[in-house]
Amino acid sequence: MAEPHGVGYVSITPLLKRLSTIESARQIKAEEIAAAVALIFTNSVSPVQFALLLWALHTTGQDYSPQVLAASASSMRGAAVHADTDALIDVIKRKGKVEGAYRGGLCDIVGTGGDGHDTYNVSTTASIIASALLMTAKHGNNSSTSLSGSADLLQHAKPSAPVIAATTEKTLPQIYEKTNYAFLYAREWHPGMKYGAAVRKEVPVRTIFNLLGPLANPVHDTGLIEARILGVARKDIGPNFAEALRISRAKKALVVCGDENLDELSCAGITHCWWIHESDRTFKDDDGEEKKQIDINELTLHPSDFGLPTHPLEDVHGGKSPAENAELLMKILRNEVPSDHPVLHFVLLNTAALITISGICEADQSNMGSGDDGQVIKERGPGGLRWKEGLRRARWCIESGEALRQWGGFVDVTNSIANGS
């Protein structure tokens, strides 16, 4: 596929020629495209050919192929910095967060962005709240399509903001010693992305790199990410991302798209979902080892499935700046927002979904601690899951002060690392 091309660059001309038509593009193996994508992270492809690759993948629709998404995300993760898996396993075991069907692993909630709704930073807030019960590895970056990205939000938190760049492959186990929450700042974990930044800004369409982020959590390949929610901004691509997650060996995940083409669970009505989970059926892999089959089931969720009312999206818009959103974040964590506030319900909805998907709600008695009577809501909804129990636990995360405590631990430990103390 590749041949020498100028000083320091590799030519991908043969691949670009095959990507010139939809028919010939469909014959290209995903691994070939992923190999070209990998060249970007080492600055080994010329800006012109990089731009042509992005444009060709977009115009042929190959950037939405599940196989291409999975393979290219693997290339992106391969070029990322890598955490010490053994050290992470050790700290996760010592944390001992196992409960119900949740094995104590890492969880993430993230969206592709680009839905145009400019809603509040719900997934980032949900990731912090859920850390009261779950080990959370939130992957995020500064905004590229909205007023306030996840990194922008956290960097404006008061009275003290975390030093998000302090969460590195070397410090991550140390951070989990002090808190259940970690924010994996994409800029720090994917240094090779800087080589394509200028070209991406010049290409006048959303490209494959707008899609890979949610699939490129840098600790995915440790095998320690147990559950995740991935929001997409178009209903028609939900199945593509669900299949990409299955190819990537995700065992617990929920791909979501609000009926308004919202990349979150919608507080306004129906959310279309693709649930990736282990089934009771087994198969033998190439080595003859018996493994559980991963199924994808399509279902819909509604706020009423959680016991919540609906709110129009215009009631959950974000503020005009990251600082305004960060102020609301801290009010939510301090339990200072009225219980019927639309944004609070929006956040609780998405937090509850992550908590439910983790499997923790399958416990027949909860042991959350102070303020918890241990009485599990056993009612089951779509997919046979306990969504209302997820909401009960999400409310406890805030009302008990435990989410605020985990946030404070993250702020303190990252500032301590940054200060060398």
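# Pocket, cores and local backbone features

The lining of the second largest pocket is made up of six nonpolar, six polar and eight charged residues. Here Ala, Val, Leu, Ile, Met, Phe, Trp, Tyr, Cys and Pro count as nonpolar, Asp, Glu, Lys and Arg as charged, and the others, Gly among them, as polar. The model is predicted: local features need pLDDT of at least 70, and side-chain atom pairs count only at pLDDT 80 or more, whereas totals for chains, interfaces and linings use all residues. Residues are numbered from 1 along each chain as its sequence is written, and side-chain values use heavy atoms, with hydrogens and water left out.

**The second largest pocket**

- This pocket holds about 420 Å³ of space; a pocket is an open set of points on a 1 Å grid over the protein atoms alone, with protein on both sides within 12 Å along at least five of seven lines.
- Its lining has 20 residues, and those nearest the centre are Arg 103, Gly 223, Leu 224, Ile 225 and Glu 226; a lining residue has an atom within 4 Å of a point.
- Helix α6 (85-95) and strand β6 (225-231) each contribute at least two residues to this lining; helices (H or I, at least four residues) and strands (E, at least two) are DSSP runs, numbered from the N terminus.

**An annotated region**

- An unreviewed UniProt entry annotates residues 26-79 as "domain: Glycosyl transferase family 3 N-terminal"; such annotations may be inferred rather than shown by experiment.
- Across residues 26-79 the chain is 72% helix and 0% strand, with 26 Å between the end C-alpha atoms.

**Nonpolar cores**

- The largest nonpolar core contains 84 residues, and Val 219, Phe 306 and Ile 332 have the most contacts inside it; a core is a set of buried Ala, Val, Leu, Ile, Met, Phe, Trp, Tyr and Cys residues joined through side-chain atoms within 4.5 Å.
- Helix α16 (residues 342-358) gives the most to this core, namely 11 residues.
- A second, separate core has 50 residues, including Val 45, Phe 50, Ile 237 and Ala 253.
- Beyond its neighbours within four places in sequence, Ile 332 is in contact (heavy atoms within 4.5 Å) with Tyr 120, Thr 125, Ile 129, Val 337, Val 343, Leu 344, Val 347 and Ile 398.

**The loop between α8 and α9**

- The peptide bond from Lys 158 to Pro 159 is cis, with omega near 10°, and Pro 159 belongs to the loop between α8 (150-155) and α9 (172-178).
- Ala 157 lies in the loop between α8 and α9 and is buried, because its relative accessible area is 5%; buried means under 20%, exposed over 50% and partly exposed in between (1.4 Å probe, protein chains only).
- Apart from neighbours within four places in sequence, Ala 157 is in contact with Ala 326, Met 330 and Trp 407.
- Ala 157 and Pro 204 are 47 residues apart in sequence, and their C-alpha atoms are 33 Å apart in space.

**Positive phi values**

- Asn 43 is not a glycine, yet has a positive phi of about 55°; Asn 43 sits in the loop between α3 (30-40) and α4 (47-60) and is partly exposed, at 34% relative accessibility.
- Arg 249, also not a glycine, has a positive phi of about 70°; Arg 249 is in the loop between α13 (238-247) and β7 (252-258) and is exposed, with a relative accessible area of 64%.

**Ser 24**

- Ser 24 is part of helix α2 (residues 22-25) and is partly exposed, with a relative accessible area of 24%.
- Ser 24 and Thr 60 are 36 residues apart in sequence but 9.3 Å apart in space, C-alpha to C-alpha.

Key. 1 Å grid on protein atoms, 1.4 Å probe; cavity = no way out; pocket = protein on both sides within 12 Å on 5 of 7 lines; lining within 4 Å. Points joined across faces, edges and corners; volume = space filled by probe spheres on them.
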